[in-house]
Amino acid sequence: MPAKVNINTAGEMGFCAGVTQAIEKAEKAAEKYGQVQMLGDIVHNEIVVEELTDKGVVVIDNLESADRNIPILFRAHGTPKELWQKAKEMGLQTIDATCPLVKEIHKYAKILENEDRSVFIIGDKGHDEVNGIASQVSKPIIISESEDIPKHNISKAGVVIQSTQNFDKVKILIVQLLERVKDLRIINTICAPTRNRQQEVKKLAKSNDLIIIVGSFTSANTKRLVKVAQKINPNTKQVESPDDLRKKWFDNVTNVGLSAGASTPNSIIEDVKRKITSF
Ligand code: SF4
């Protein structure tokens with residue numbers, strides 16, 4: 001282990017604007033109404049969720065179990081149209097914390113449908129954001145892997161992309177789609193924060209001996225960052241907190257690249273930095 005390890009942090013990492021805004025809305029609502037309920041976790045990060053719980057944010061699994069006397073906040077990555085409708089029918093007070101960039105994807109999906117195009121959504125099947133986008137159109141086709149691409153030819157189609165998708169993977173799927181579709185309109189809806197984070201992590205992976213990505217193991221965008229880095233630098237590790245760091249990882253390491261998923265709070269990133277420095 002060298003005497004000093006340089007920590008090179010990504011230019012952009014951690015909370016994106018959408019997540020920050022959603023958390024602020026949840027905190028403000030909890031303060032104003034005493035409590036606010038949310039369908040599922042606001043971000044895929046257990047530490048953030050615990051902190052919010054302490055402030056009065058209650059996580060529920062389904063709308064049926066919602067308390068009608070407490071407002072419900074719909075999260076950053078969007079909520080299917082049917083759930084908005086159901087909440088309205090139940091008389092629930094709703095707070096919209098959908099990220100504006102996710103709303104834009106909803107809008108584009110509808111535009112493509114109005115142009116009489118089959119609507120493809122490149123994204124993870126079952127992910128809440130993808131479900132929300134799919135609910136905007138009548139016959140969405142979700143493409144997570146090459147196998148999901150239709151085997152028959154299509155004359156006119158359009159594509160939107162889940163905001164946090166891996167750009168390199170999307171490129172491969174688009175090329176495969178082009179073989180099937182004559183008139184294909186592609187709207188690149190990978191959001192700028194995701195694109196920037198992926199670019200930054202690529203740069204780090206090329207120029208550092210070890211890459212540490214901080215984020216929850218349940219966070220899809222963190223896992224994607226890990227994959228992007230690993231492809232360039234196999235010596236990439238993911239940690240949820242400083243406790244996951246192992247001293248032996250730093251043997252013969254001079255430069256460490258550090259990045260974090262969009263749902264990782266700054267406080268945890270700082271704790272990880274401190275622990276690396278202490279080794
Ligand atoms: S990852 Fe992008 S689209 Fe998703 S909440 Fe953050 S800024 Fe919005």
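A: Happy to! Let's start at Pro242, which sits in the loop that joins strand E11 (236-239) to strand E12 (255-260). Please keep in mind that this is a predicted model. Pro242 counts as partly exposed because 16 other C-beta atoms lie within 10 Å, a number between the limit for exposed, 12 or fewer, and that for buried, 20 or more. Leaving aside residues up to four places away in sequence, the contacts of Pro242 are Asp271, Val272 and Lys275. For a sense of distance, turn to Ser135: Pro242 and Ser135 are 107 residues apart along the chain, and 39 Å separates their C-alpha atoms.

Lys32 is exposed, because its count of other C-beta atoms within 10 Å is 12.

Helix H1 (17-33), helix H4 (100-114) and helix H7 (192-207) each contribute at least two residues to the shell around the ligand, and H1 gives the most, with three residues. There are 15 residues around the ligand, and those that come nearest are Cys16, Gly18, Cys99, Ser163 and Cys191. Sorted by class, this shell holds 10 nonpolar and five polar residues, with no charged residues.

Technical notes
Residues numbered from 1 in each chain as written. Predicted model: local features only at pLDDT ≥ 70, side-chain atom pairs only at ≥ 80, totals over all residues. Near = placed C-beta within 6 Å. Helix = DSSP H or I, 4+ residues; strand = E, 2+ residues; numbered from the N terminus. Nonpolar A, V, L, I, M, F, W, Y, C, P; charged D, E, K, R; others polar. Contact = placed C-beta atoms within 7 Å.
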